[in-house]
Amino acid sequence: MSRLARTIATRLRGAAGARARWGALSAAALLLAACEGVALAQPRGGVLTPPSQPAKPTVQLGHELFEANCASCHGGLGQGISHPRPGAGDISGAAPSLHGVGAEAADFYLRTGFMPLSNIHAEPSNRRVPFTNKQVEAITDFVASLGAGPAIPHPKPRAGALNSGFELFTEDCAGCHQSLARGGFVTGARVPPLQGVDATEIAEAVRIGPYLMPRFSTKRISDAQLNSIIRYVLSTNRPDNRGGWSIGNLGPIPEGLVAWLAAIALAVLCLGLGRRLRA
Amino acid sequence: MSERAKDRPEAQQGAPGEAGSAEAHGGAGAGDAQSGGSGGDGGGDGVEAPARIVPPGLPDRGAEYVVLALLALAMLFAVGFIVVYAEYSPAEVPNQLLGVCIGGALGFAALALAVLARRLVVTEELEDDYPQENPREQSEIAQLVHESASRITRRRLLLGAGAATGGVLGLAGLTPVLSLGPLWDTAPLDYSPWRRGRRLVDPHGYPMLASEVEEETFYTAFAEGADREDIASVLVVVRLHPSELRLPKGREGWAPYGILAYSKICTHAGCAVALYRKPRFPVVEAKPALVCPCHYSTFNPATGASVIFGPAGRPLPQLPLMIDPSGHLRAAGDFSGRVGPAWWGVREGPPT
C-alpha cells in the first residue's frame, strides 16, 4: 500500500515536473519566435519603433526597441551570438553578450551612433543617432536590467588639472588619437577625432574601450586622472595656437606641405622677377 | 604685348652689347690708358710679356701669414670635429662641441678667404656680356687673373694650405657617415639593462604587480634603476588570455598568466610602439596588435610580436618574464633579439 502510494506520488511529481519543463520550454520557444518575428520584420535601413503607449514603463519600451533593432545580432535577451548566423533581411548577426555591460556601454554606443550597425563587419562610427533621447534612455535601462554592470559615469572635468591631463593623454591616448586629439588611424581602423565629444562620452569610452580601443580600468587610470584627461580633451576644441595659424593641428605633415607650397610659389616668383629684370 | 615684346628685344639687344664693350674698354683704359692700346698689339703678337691690365700692388707678407694662420686654425677645428666624433660613443657625443668645431672650421676658412680677397687679391671690377669666342679677350682674362695674384709671394704654400683646409673640411663632413655602420664602437647598440631578476617598474617608478596587469589594455614599463633614455630599457606590457598565445618554440614560460613584455622601440625606425588595438568582439573585429604610429608597422603580441603589416623587418624583441614570491614582475633573462631600429647588417640574431 505504502509502496503503491509512493510510486503514484513519484509518478505524479515527475509528471508535474515534466509539465513544468514543457511549459517553460514552450514559453521560451514562443518568446523566441516572437522575437524572431519582430526581428524579421525589421526594415533594412532605419530603426523600428513600437506604437507609442504613453504610460509604458521605460524598461518595457526599451525591451521592445531592443527586440526590434538589436536582437538580430545580440540575441533576444542580449545573450550575444558568437557565430554569425543569418537574421533579418541580409543581416548576418553576431555580437557580444550584453549581460553585465551596464548602462555605461549602452549609453555610449547609442548616443554616439555607433550602434545599431548596418552590418557586423562595419566599423562603428559617429553617426546621426536614429533614436530619440527617450528611446535611448529606455534601451539603456533595458540593457542595464540584463545584469549588474557599471552605471553611466559622471566625470567632473573642472576638478581635473590641464597639465597632468596633457601628460596622461600623451602617454596613453595620443599614440592613436594624436596629441591634439585630431584622430588618425590604427592598422585596420580609423581613430575618431575627439572634438565636440562631451565629457560623459569620453569617460565611458575610456572605461569600456569601444571597438579596437583598449580599456582602462580605475586601476589603470583613476577617476581623478580621468577628470584631468577629459579636461585636456575638452581644451583641444579650441587649442591655443601660439603660431597664429593652426593648419588643422595635424602636426608636421600639413606644415611641411604648406612649407613646400610656399617655397615653390616663392621660387616661381623669383624666376619671374629674374626674367623680367633680364628682359 | 606681342608688339611691345617685339620692339623691346631689338632695342635692347643692341644696347647692352655696346654698353658692355664700352665699359670694358673704359675700365681697362682707366687703369693704364697706354697699355690698353698696346695690350691689343701684344696679344696679337704673343711674343713679349703682355702689358699689365691690373695695376700692380705691393706684396703683403703680413696678410699672407694671417691667411695661413687662419687656414691652420680652420684645419685644427676640422680635425677637432673628427676627433670628437671618434672619441665619444654615439649616445654621448656632445653636440655643442661638434657644433663649435665645425662652426669654427668653416668660420676660420671663411675669414681666411675674406682676408685673401680684401688684402691680397687686387680688385678690379669688370662687366661684360657673355663673351663670344674671342682669343684676345680670353688671354686678357687669364692675364687679369694671373696679375691679380701679383701681391702673393708664397703662392704654392697658400694654395697648399687652401687645398689642405678644403680636404680636412670635406673629411669632417664625411665623418658622420661612420655612424651608418658598425665600423667603430657598436657596443652601446647592443647594451641592455635587462638581467634575470631585474624588476619592471611603471613610469612613476613603482614595481609592477602581476595581479594588477589587466587584459585589454597596455602598459609602459622600464628596467628598475636603469637609465630611461636607454632604448633597451622601455617595454610595452600587455596581457592576453593564455589560451590565445602562440609563442615561437623555446619561449615556453616566457609569459606567465599571459603577461607579455616586448621592447617598445619599433624595429623599423625606432619610434615608440604607442598604439594597442584590442578588439571588443574578436569574432568579427581585427586581432589584437601592437602598432607603431610612425609607419604603421603592426605586430601580433600573441605570436611573439611577429610582423603582420608594415615596413618593420623583424619582430619586436620579447623579454621573458617571471613572477617573484611577492607578486612582482621580473625579467627572466635578456631580450630575444636586438633592440632598436634595423641598422646596417641587423635583421635577426641575439644580442652579443
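Q: How many helices and strands are in chain B?
A: In this predicted model, chain B has seven helices and eleven strands.

Q: And how much of chain B is buried?
A: Of its 352 residues, 28% are buried.

Q: What share of the chain B contacts comes from residues 24 or more positions apart?
A: Such pairs make up 62%, counting contacts with a separation of 6 or more.

Q: On to the interface. How many residues of chain B are in contact with chain A?
A: 25 residues of chain B, against 24 residues of chain A.

Q: Which elements of chain B give two or more residues to that side?
A: Two strands of chain B: β5 (275-277) and β6 (289-291).

Q: Which gives the most?
A: β5(B), with three residues.

Q: What classes of residue are on the chain B side?
A: There are 15 nonpolar residues, eight charged and two polar.

Q: Switching to chain A. At what angle do α4 and α8 cross?
A: Roughly 120 degrees, for α4 (residues 102-111) and α8 (residues 199-208) of chain A. Their axes come within 9 Å.

Q: Why are α4(A) and α8(A) called oblique to each other?
A: Angles of 65 to 115 degrees count as roughly perpendicular, and only those over 145 as roughly antiparallel. The crossing is at roughly 120 degrees, so the two helices are oblique.

Q: Left-handed or right-handed?
A: The crossing of α4(A) and α8(A) is left-handed.

Q: Which residues meet there?
A: From α4(A): A:Glu104, A:Ala105, A:Asp107, A:Phe108 and A:Arg111. From α8(A): A:Glu201, A:Glu204, A:Ala205, A:Arg207 and A:Ile208.

Q: How does that contact split by class?
A: Six charged residues, four nonpolar and no polar ones.

Note on methods: Residues are numbered from 1 along each chain as its sequence is written. Chains are lettered from A and ligands numbered from 1 in the order in which they are written. This is a predicted model: local features need pLDDT of at least 70, side-chain atom pairs count only at pLDDT 80 or more; totals for chains, interfaces and linings use all residues. Helices (H or I, at least four residues) and strands (E, at least two) are DSSP runs, numbered from the N terminus. A residue is buried if 20 or more other C-beta atoms lie within 10 Å of its own, exposed if 12 or fewer, and partly exposed in between; C-beta atoms are placed from the backbone. Two residues are in contact if their C-beta atoms, placed from the backbone, lie within 7 Å. Ala, Val, Leu, Ile, Met, Phe, Trp, Tyr, Cys and Pro count as nonpolar, Asp, Glu, Lys and Arg as charged, and the others, Gly among them, as polar. Axes are lines fitted to C-alpha atoms, for helices over the stretch in contact, and angles run from 0 to 180 degrees between N-to-C directions. Angles under 35 degrees count as roughly parallel, over 145 as roughly antiparallel, 65 to 115 as roughly perpendicular and the rest as oblique. A crossing is left-handed if the near helix is turned anticlockwise from the far one by less than a right angle, and right-handed if clockwise.
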